[in-house]
Amino acid sequence: MKSFNKYFVGALFLGATLGFTSCDLDEYNPSSESSENVFATEQGIEGLVNQMYYNFRWKYYGREDPVLYFEGAGDIWANMPDKYTYGMQLTRFVDLQGDRGQVKGAWNRVYDIVNLANTVLDYLPTTKNLNEETRNDFEGEARFMRSYAYWWLVEWFGDIELRTHGTDQPTFAAYRTDRKTIYDEVIIPDAEAAVKLLKVEPYKGNIGRAQKKAAYALLARVALARAQYETAGSSEARDFYQKAYDAAKYVMDNQNALGIKLYKTYDEIWQAKNNKSNTEYLFVVTHSSNSTLNPQSGNPNRLHMYWSPRLLNRFGNTQTADNWEYPRESVLLCPTYYLLNLYKDWDLRYDVLFQEDFPTSADSYTWTEEDAVNHYQAPASIVGKTITKGQLGLKVSRFPVTDAEREAAAQKGYVLLGANNIYDLRPGKVTSMGGARIRDLNNANGDDYPSSDWIYTSFPRFRKYRIWDRDPKGTFLLTAANAQVGFADVPIFRYAEMPLIAAECQIMMGNTSEAANIINDEAKGIRTSRILKPGHDASEMKVKAGDMTIEWILEERARELCGEWLRWFDLKRTHKMVEYFKGHNPAMRGDDPVDEHNYLWPIPTDFLDKIENGVEFGQNPGYNPYTK
């Protein structure tokens, strides 16, 4: 008899057990009961299903590491200048090797999900007294989670071991399986099965569980990713593009049936009042305001901290429990010049997603020479000017500004910074692809173009996760403005990805006119009236067949999906990472080693050490070869 929770689940999943930890889905702790007895009951198998979601909530969506390696490792975000070396292995591939803790953690925790899903599928046929509807729900959720986890692992690590049954005994050998086989035997079939098995409503109405709309979105995403491994233009590639298109188009055409409702304004998608019941989110990771329901009470969603410029303790702003204009900062990533300038004048999305105007939160603040001139390099005429609560203290424009414009702002009592103050936009310094270095305080690149300490940590604030923007009706997603811990749900799949996938598939199948029609569709597309800035004509935002290229798709995905965990995957799928990283996101110090081998992560050294055939399994190309 196998004793539940006794064994490590194998060297492949070493350090992870099947033990349950508190989360917002009801769980059952079987203590010392045998696994056969526990999972023979509805309560036991339900607890195992719930546990599949645990790692997404504990360590990934809402936490720091994925922000660094999904979004920071690309062309639209850069390390904050004063965090230039922080996480550089993840964001800029500097000395990324298999011994990094983040590599080990990602491998173990995502494989945990695979093992849990496998165990659900192993025991579910023998679980007693389950009605057919519940059995289908549990199988659909397990297949959804296994498909998602294997997609993640294959894209990260390439050819890895394929396991389709749970592991509760130590195993000490592992063998690689071709990534296409993993897609064709598990990732895509599981997503297709989830589409059929899952209902429109999640099990017991629990937000955060997989449901039918999420399964279709997953199928669209993984089929699109699978096409990259076939010869461009081949019938095999076309089949996968067609599969991805069909899944995405189903979501677009069946919004009402799937419980999807598009908001009238783009801003509503990101308002706090809509976070917990968002009608455009297709799959979310949940966080609870009841700390006992989170995997770690002090570590749920911290996304509100990671995208902010340094604003506290400047022009009168202080960190207090009720200063909602300036919540707690972690200050991790800043937008690249390339990202900020992807948005055209007509595009309301920029105004929704980025904040340029920052008022003072102090009752009264008077500019000193130290703050204004020494720290911000502002005109001396601002010294002695007083601003009061709610008045503009700092404006950061994505466009260059002149000295005359800065002087005019100073006369009105606020500091004006332009893109030319933050990024090195001198002639010859902007790349041919529109990338520009952030100005360097320490002048490490030898350009004799240093910044000041307050300028180089100033930039427009990313507001997609603005959970400090409280709902007047009482939706509070932070306990206090200076709190680290937020309770907002995190979108993993969102409706907007579907028309973008559908259009990309049509481009790759040679149907650029249809791709343009998808994007321009007022009821189902991306370029709709809700993103058109007042005073502009719809003709400015509509696209034509000639616009429809992979390059355009990547631009639009950056505009629409920035900060949503997809940029690294997008650049990998299209094989644009090296070109775009160097062209759109040049390092301020020129030390980015990114090259072709970074399309895969290194295999964790810890894993290779624990299997007997580590040398045979081997390290991925380009990283330090593995030796015992």
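This is a predicted model: local features need pLDDT of at least 70, side-chain atom pairs count only at pLDDT 80 or more; totals for chains, interfaces and linings use all residues.
I started with Tyr465, which is buried at 9% relative accessibility (buried is under 20% relative accessible area, exposed over 50%, partly exposed in between, with a 1.4 Å probe and protein chains only). Residues are numbered from 1 along each chain as its sequence is written, and side-chain values use heavy atoms, leaving out hydrogens and water.

Next I looked up ring pairs. Rings of Phe, Tyr and Trp (its six-membered ring) pair if their centres lie within 6.5 Å; planes under 30 degrees apart are stacked, over 60 edge-to-face, the rest tilted. I got 51 aromatic pairs. One of them is Trp307 with Tyr465, tilted, at 6.4 Å centre to centre and 40° between the planes. Trp307 is buried too, at 3%.

Then I checked Tyr343 and Tyr350: their centres are 5.7 Å apart and their planes at 55°, so I wrote down "tilted". Both Tyr343 and Tyr350 are buried.

What sits over the ring of Tyr350? I found the charged end of Arg398, 4.1 Å from the ring centre (the rule: NZ of Lys or CZ of Arg within 6 Å of the centre and within 35 degrees of the ring normal). Arg589 does likewise over Tyr84, also at 4.1 Å.

Last, Tyr376. Leaving aside neighbours within four places in sequence, I found Tyr376 in contact (heavy atoms within 4.5 Å) with residues including Arg314, Trp367, Arg406 and Trp454.
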